[in-house]
Structures are given as structure tokens and as C-alpha cells.
Amino acid sequence: MELREALFNYLLRIGDSSLIGGQRLAEWVSNGPTLEEDIALTNIGLDLIGQARAALSYAAEIEGKGKTEDDLAYFRSEREYYNTLLSELPNGNFADSMSKLFLNSAFFYHFYKALGTSKDQKLSAFALKSLKEVTYHLRHSGEWVIRLGDGTPESKKKIQHSFDEIWMFTGDLFEMNEVDESLIEMGIGVDLNDLRSDWNRTVDEVLSRATLQRPKDGFMQTGRLNAQHTEYLGHILSELQYLQRAYPGLKW
Amino acid sequence: MEKDTQGDIWEVFIQNKTGMPHKHAGSVHATDKEMALQNARDTYTRRGEGTSIWVVKSDFIVASNPDDSDSFFDPANDKLYRQASHYHVPKGAKQI
């Protein structure tokens, strides 16, 4: 596969996951359980939007069609988005959001760590910068998982249910195709199979401190690589893209 | 009044630069020390203000009573000799 085509797709996967994850967290604004947590979730959301900007502007540059990060964010449809399925799932209750953020952050933590050694210097610089942010996201969400899991019977029941419900979307994180193969061969991309054991270790450690059961690996819903999504992505995109679709090119 | 369910109150002290004192920045709610530290980080260091954070439960702060201010602070007001500016540096003295 040609480098440009592969790298463009790779950057969309990263940028779209950050963008959609950030947009979801933005939904918590003014709805957080405490003022402090409201600010924390917003901060994390903004970190993700910042990562999305970096990844999508690089993607636009690689694509070479004179587009901008905004064009990529606002004028692609559902079937052109390559985010992880986990990041588009609805926020649900606070336990749902924390378990989702935790599993996604644990993946990106190990992913960025590995991507830091990419031969593509721009990609490795981006990965190392993002790693600092994701390290905090993982810590923050992980600490909440521990507190909710090892908290009251009610909080434990709720967060165990959250993990049980979203576990089927974790297989999607590790799916690979010819894009990955080409980029791994060129020393640019990350072999996701190598991340699995690290991810498992991180997740298991937190789940055991949280006295929670790790759900069994059963049917895994995948689709990210082919831009096949859950029914939730369309709704989030309609909100995210509404203004630019209605008034193309509108500026602040 | 309904009981506050947001956790304990913690006082936050931020150090702006290495070697500088930690200054009181405000307070946050949290249920334990790790979350207090994270909440302080998110609430008070969002714009790159800090190099170090201290948090301490508000209960552990011992404060002077406003009623005591006369006996605590007024006696210092008329003792100018406790101020460095009270002393004149003799001409010709390079160091004291």
C-alpha cells in the first residue's frame, strides 16, 4: 500500500478517536457530579480536541488536497470516520463514562508509548506530546474506577455493569489491516498485537484494585477499520457538524 | 440545610517556580487525598501555573480567631524598630 494513503488513514484513526472522544466529554460540561469533576472532564476533553487538531491537520497535509483540519472534521460523513467504537458510545452514567474513558485511555497510553519511536518524526513528536496527556487521563479515570468499584455496593454494581456492557467494543481497538501492515513494515506504525499484553496488565491491575470482575472475552463488535459504526456516531456527528453543514465556511 | 455530598474540603497550595514558596490558591472538594490532588491540578493549574501542588484537609488548618486580632497583631504596629527601614545605613558602610 502506498505510504501517503496508509498514513492518511492512520492519522484519521487517531484524530477521529480523539475528536469523538473529546466531543463526548464536552457533553459533561455543566453536568459533572461536582464542580471539580466537571472541570476535570472538560480539561480531558480539551486535551483530546487538541490531539485531534494535531492529527487531522497532519492528515490534511499528507492528503495534499489543500484541505484543513476543519474540513476533515466537519465535512466527512459517518462512513468516512475511523474512530474507535469505544469513543463514540454514549456517556451514560458517570460509571459508564469512566469505564469507557479508562479502557480507551489505557489503549492510547500504550499506543502512544510505542508510536513515540516511529520513524516518522512528526508522528513520534505528536505521540510523545499526547502521551503526557493520556497518562493523566488514564490516571484520573483509573482512580475513579477503583473508587467506584471498591466503593459502595451500589457504585460497584453500576460500574461492573458498565464494564460488562462495553467490553464487547474492546476487541475493535486491536484490529489491524493492510494499512497497519504497510506502516509497520516501514517502521512508522505500531504492531497492535504487541500492545495487547501491556493493555491487559494495565486493565487487570486497576480492575483488581477496584475489586471488579474482568468481563469474559465473548463476541466482539468491530468496524473501526471499515468506518462501520454503532448507531451513535451519526447523532454525535450531526451535533458536531451542524453549524458548518448549515453555514459552510462560517467563522467565529 | 442539606448535607454537602461533594466530599471534604481541601486547601490547595501551588508553587509557581522551583524554589519559590507554595502559595494558597483556593480550595477543592474531594473524598480522599489522591482525588484532592487531581482536582487541585485540574482546577488551579490549567494554564501552566504550577510546578508543585500541596493539598491539606481544611480541618487540619489551624486559624487565628478574628476576635484575637487586637492582641495578636496590634502590638506590632508601634514597634518601628522591628522594620528594617527604621535603621539608617551610615554613609560609607558597604555592608552591615
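**Figure 1. Packing of helix H2 (residues 35-63) against helix H5 (residues 94-115) within chain A of the predicted model.** The two helices of chain A pack at an angle of about 40°, and their axes lie 13 Å apart. The crossing in which H2(A) passes H5(A) is left-handed. On the H2(A) side, the residues in contact are Glu37(A), Leu41(A), Ile44(A) and Gln51(A). Their counterparts in H5(A) are Phe94(A), Met98(A), Leu101(A) and Tyr112(A). Sorted by class, this contact of H2(A) with H5(A) comprises 6 nonpolar residues, 1 polar residue and 1 charged residue.

**Figure 2. Crossing of helix H6 (residues 121-149) of chain A with H1(B).** The axes of H6(A) and H1(B) come within 11 Å of each other and cross at roughly 140°. This crossing, too, is described as left-handed. From H6(A), the contact draws on Tyr136(A), Arg139(A), His140(A), Glu143(A), Trp144(A) and Arg147(A). H1(B) contributes Glu34(B), Met35(B), Leu37(B), Gln38(B), Arg41(B) and Asp42(B). By class, the contact of H6(A) with H1(B) holds 4 nonpolar, 2 polar and 6 charged residues.

**Figure 3. Extent of the interface between chain B and chain A.** The contact involves 13 residues of chain B and 14 residues of chain A. Between them, the two chains bury about 1,300 Å², of which 46% is on carbon and sulfur atoms. In chain B, the residues that lose the most area to chain A are Met35(B), Gln38(B) and Asp42(B), which together account for 38% of what that side buries. Each of these three residues also belongs to the set through which H1(B) meets H6(A).

**Figure 4. Salt bridges and polar contacts between chain B and chain A.** The rule applied finds 2 salt bridges across this interface. One salt bridge joins the side chains of Glu34(B) and Arg139(A), with an N to O distance of 2.8 Å. Both partners are also listed in the contact of H6(A) with H1(B).

**Figure 5. Elements of chain B on the side that touches chain A.** Strand S2 (23-30) and helix H1 (33-44) of chain B each supply at least two residues to this side. The most is given by H1(B), with 8 residues. By class, the side of chain B that touches chain A consists of 3 nonpolar, 5 polar and 5 charged residues.

How values were computed:
Residues are numbered from 1 along each chain as its sequence is written. Chains are lettered from A and ligands numbered from 1 in the order in which they are written. This is a predicted model: local features need pLDDT of at least 70, side-chain atom pairs count only at pLDDT 80 or more; totals for chains, interfaces and linings use all residues. Side-chain values use heavy atoms; hydrogens and water are left out. Contact means heavy atoms within 4.5 Å. Buried area is the accessible area (1.4 Å probe) that two parts lose on being put together, summed over both. A salt bridge is a side-chain nitrogen of Lys or Arg within 4 Å of a carboxyl oxygen of Asp or Glu. A polar contact is a pair of N or O atoms within 3.5 Å; within protein, one must be able to donate a hydrogen and the other to accept it, and residues adjacent in sequence count only if both atoms are side-chain atoms. Helices (H or I, at least four residues) and strands (E, at least two) are DSSP runs, numbered from the N terminus. Ala, Val, Leu, Ile, Met, Phe, Trp, Tyr, Cys and Pro count as nonpolar, Asp, Glu, Lys and Arg as charged, and the others, Gly among them, as polar. Axes are lines fitted to C-alpha atoms, for helices over the stretch in contact, and angles run from 0 to 180 degrees between N-to-C directions. A crossing is left-handed if the near helix is turned anticlockwise from the far one by less than a right angle, and right-handed if clockwise.
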